[in-house]
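The following note is meant for a colleague who is opening this structure for the first time. Please keep the sequence and the 3D view at hand while going through the numbered points.

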Amino acid sequence: MERREFVASLVAGGCAGMCVDLTLYPLDTVKTRMQSQQGFHKAGGFRGIYAGVPSAAVGSFPNAAAFFVTYECTKSLLGASGALSAPHVAPVTHMLAASLGEIVACLIRVPTEVVKQRTQASPSSTTYRMLLATLRAEGVRGLYRGFGSTVLREIPFSLVQFPLWEYLKTLWSRRQGHTLYSWQAAVCGAFAGAAAAFVTTPLDVAKTRIILAKAGSTTARGNIPLVLHEVWKSQGLSGLFAGGIPRTAFISVGGFIFLGAYEKVRRSLL
């Protein structure tokens with residue numbers, strides 16, 4: 001991967017991340033409160049809909065930049081090797097690149113997500129106070145509570161979203177006989193994001209419960225199958241898909257903005 005492509009992916013990914021996170025933040029707050037154990041209204045309802053936004057603002061640029069740099073570098077390296085360079089195995093390349101990208105991005109995403117979601121579920125607090133409270137109670141490890149569940153949510157999500165996005169782009173491009181415009185790549189991103197968001201909602205519910213659980217509780221240990229079983233026992237299928245509608249809406253619109261902005265900025269820089 002050339003230096004120019006590296007810089008383009010870094011800047012485009014960071015700009016795309018900031019665009020989507022700040023534009024659709026209220027929907028994310030609603031989703032978090034719907035999934036919290038205390039329930040939507042006790043977690044704040046529609047009050048303080050931008051609670052925790054400083055954490056999202058600080059983390060969104062480096063998080064998205066890290067993902068796309070890793071994604072493009074891995075895609076470039078795997079595409080150059082003989083076994084994975086054939087067109088029919090392109091989805092495997094995209095899956096591996098997206099999975100690695102998510103693991104790297106989660107090193108930045110999880111601490112900002114912990115502070116953000118706890119502030120969203122306690123709108124009377126501030127981002128700074130929540131950060132200090134987390135560090136005092138649990139130390140740096142507390143900022144990485146839910147790392148495993150976040151990675152286990154993000155990898156299946158990316159395994160659906162990115163191969164589907166690349167496939168839809170290729171299909172549309174072939175049909176019209178030339179490279180897609182940025183808005184067309186954005187439309188493909190919206191469809192891919194919606195599909196991935198819906199099927200991974202139960203994992204997102206588990207991740208939210210683990211992050212918001214009291215330190216030392218059974219849920220806080222991060223056992224995803226156990227958390228999902230508890231949700232299923234107490235709330236059934238509706239509990240597993242709690243917040244599914246705002247999450248799917250958020251990620252569908254987010255996929256349009258995120259992947260459209262990424263394509264637009266990257267092409268401008270190249």
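1. A place to begin is Thr 119, which, leaving out residues up to four places away in sequence, touches Ala 51, Gly 52, Ser 125, Thr 126, Thr 127 and Met 130. Thr 119 belongs to helix 4, the helix that covers residues 90-121. Is Thr 119 buried or exposed? Its relative accessibility is 1%, and Thr 119 therefore counts as buried, the cut-off for that word being under 20%.

2. Before reading further, please bear in mind that this is a predicted model. The pLDDT averages 87 over the chain, and 97% of the residues score at least 70. In the chain, confidence is highest in helix 8 (residues 182-199), with a mean of 93, and lowest in helix 2 (residues 25-35), where the mean is 86.

3. Helix 8 also holds Gln 184, which counts as buried because its relative accessibility is 4%. The side chain of Gln 184 reaches the backbone nitrogen of Tyr 181 at a distance of 2.8 Å. Once neighbours within four places in sequence are set aside, Gln 184 is in contact with Trp 172 and Gln 176.

4. Trp 172, one of the contacts of Gln 184, leads on to the aromatic residues, for which the count comes to 14 aromatic pairs. In one of these, the rings of Trp 172 and Trp 183 have their centres 5.8 Å apart and their planes at 85°, so this pair is edge-to-face, a term that applies to planes over 60 degrees apart. Trp 172 has a relative accessible area of 27%, and so it is partly exposed.

5. Ring pairs also join Phe 67, Phe 68, Tyr 71, Phe 162, Trp 165, Phe 258 and Tyr 262 into a cluster. One of its members, Trp 165, has the charged end of Lys 169 sitting over its ring, 3.7 Å from the ring centre.

6. Glu 154 is another residue of helix 7, and at 8% relative accessibility it counts as buried. Which residues does Glu 154 contact, leaving aside its neighbours within four places in sequence? They are Glu 102, Cys 106 and Arg 109. With Arg 109 there is a polar contact between the two side chains, at 3.3 Å.

7. The last point concerns the cysteines, where the count of disulfides comes to zero.

Key: Residues numbered from 1 in each chain as written. Predicted model: local features only at pLDDT ≥ 70, side-chain atom pairs only at ≥ 80, totals over all residues. Heavy atoms only, no water. Helix = DSSP H or I, 4+ residues; strand = E, 2+ residues; numbered from the N terminus. Buried < 20%, exposed > 50% of the residue type's maximum accessible area, 1.4 Å probe, protein only. Contact = heavy atoms within 4.5 Å. pLDDT = per-residue confidence, 0-100. Polar contact = N/O pair within 3.5 Å; in protein donor to acceptor, adjacent residues only side chain to side chain. Disulfide = S-S within 2.5 Å. Phe/Tyr/Trp six-rings, centres within 6.5 Å; stacked < 30°, edge-to-face > 60°. Lys NZ or Arg CZ within 6 Å of the ring centre and 35° of its normal.
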